Amino acid sequence: MIMINYFFMCLIFGTTFLAIKMGVDAGGPPFLSAGLRFFIAGLLLFSLMVWREKTAIRLLFRKEMFFSGVGLTFGTFATLYWAEQYVTSGIAAVLSATGPMMILLIQTFIMKQKGNRTSFIGCVVGVIGVTFLILPSFSIEIRPLWMLGCFAIIMGEVFYATGTIYTKHVIRKFDKTSPIALNAAQMMHGGILLIISSFFTENIRLEYLLSPVSIGSLLYLTIFGSMIGHSIYYWLVSRTNPIFPSTWLYISPLIAVILGVIFYHEYISWITGIGTLTIIVGTVLVNFDTLRKLLWGKGAVLQDVKN
């Protein structure tokens, strides 16, 4: 059951990038689409947690939920949704896999935590992969918005890394609260910020927002991407350990690239393919020590470990 849920989670996360791309290509405002997705998903999950007496409404008014929402939802997905107007879903997925590298860089150079050689090699490999990934844009002409989109996704991963590091502190502080409730609360805060940003920056046209593709994208991302996908993630954390579920980062980008090529006719050159594989190798190297402990250490995958 664990492996079935794991592969189902990887498949869901791998498809979300194409669903985002289809929604924004259909004219859905990026910030509003992202905001509605996360606010609705967070509201439904949080209401369920309150009904099951796993949390209390006052959790929503804690500053920790706001700051988590800024990093994990607002900063990460405002950039991703905006960028997918200009980059393919496959490239967006691969660049999103640089999140662990950002965590390592922040911990090493800002928090002054000691790193290891393998992780730094992984960062270098990842940077080389990003270089390969953007090289095709120079083959004919430089496309500023394409380059800006790639840069925006990488900046979004800086938000993700910061939010992830901060969330570790939040989970320890609220150790009596369900992680699903914490995630739902931060999604609501991030969703509200995205919706507010939309009102000030986007021209909202209902005929695009209410088109079948836009609505289908929103429903899929809300139900499968945010509610089911993240619920499976936290279920896997509770049944295994905090490391094993995060390995979706090595599988889902490949799924996203393949789906984009097959179903959305996205172009991928051999240089882009090399860049994709190189970034994934770099991500594996950054997490090599934790993966080695997971696969060969005493903490086996099927062991229950508290998040």
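For sorting side chains here, Ala, Val, Leu, Ile, Met, Phe, Trp, Tyr, Cys and Pro count as nonpolar, Asp, Glu, Lys and Arg as charged, and the others, Gly among them, as polar. Before we start, this is a predicted model, where local features need pLDDT of at least 70 and side-chain atom pairs count only at pLDDT 80 or more, while totals for chains, interfaces and linings use all residues. Residues are numbered from 1 along each chain as its sequence is written, and side-chain values use heavy atoms, with hydrogens and water left out.

Let's take the overall layout. The chain has 13 helices and zero strands, with helices and strands taken as DSSP runs (H or I, at least four residues, for helices; E, at least two, for strands) numbered from the N terminus. Of its 307 residues, 52% count as buried; buried means under 20% relative accessible area, exposed over 50%, and partly exposed in between, with a 1.4 Å probe and protein chains only. The chain exposes about 15,200 Å², and carbon and sulfur atoms supply 72% of that area, computed by the Shrake-Rupley method with a 1.4 Å probe. As for contacts (heavy atoms within 4.5 Å), look at those in the chain with a separation of 6 or more: residues 24 or more positions apart account for 88% of them.

Now for some individual helices. H2 covers residues 30-51, 22 residues in total, and reaches 32 Å from its first C-alpha to its last, close to the 32 Å expected at 1.5 Å a residue; the expected span is 1.5 Å times one less than the number of residues. Just after H2, Glu53 takes a positive phi of about 60°.

In H3 (residues 63-83) you'll find Thr73. Thr73 counts as buried because its relative accessible area is 1%. Beyond neighbours within four places in sequence, Thr73 is in contact with several residues, including Phe38, Gln186, Met187 and Leu194.

H5 (residues 99-109) is mostly covered, with nine of its eleven residues buried. Among them are Gly99, Met102 and Ile103. Those three come up again with Tyr160, which lies in H7 (residues 144-173). Tyr160 counts as partly exposed because its relative accessibility is 28%. Setting aside neighbours within four places in sequence, Tyr160 is in contact with Gly99 and Ile103, as well as Gly71, Leu72 and Thr76. Tyr160 and Met102 are 58 residues apart in sequence, yet their C-alpha atoms are 8.4 Å apart in space.

Finally, the hole. The structure holds one cavity of 30 Å³ or more, and the largest cavity has a volume of about 80 Å³. On a 1 Å grid over the protein atoms alone, a cavity is a set of points where a 1.4 Å probe fits but cannot get out, and lining residues have an atom within 4 Å of a point. Grid points are joined across faces, edges and corners, and the volume is the space filled by probe spheres set on them. H4 (89-96), H11 (252-263) and H12 each give two or more residues to the lining, and the largest share, three residues, comes from H4. The lining divides into seven nonpolar residues, four polar and one charged.

Thr276, in H12 (residues 270-286), is one of the lining residues, as are Val94, Leu133 and Val257. Thr276 counts as buried because its relative accessibility is 5%.

Definitions and conventions: 1 Å grid on protein atoms, 1.4 Å probe; cavity = no way out; pocket = protein on both sides within 12 Å on 5 of 7 lines; lining within 4 Å.
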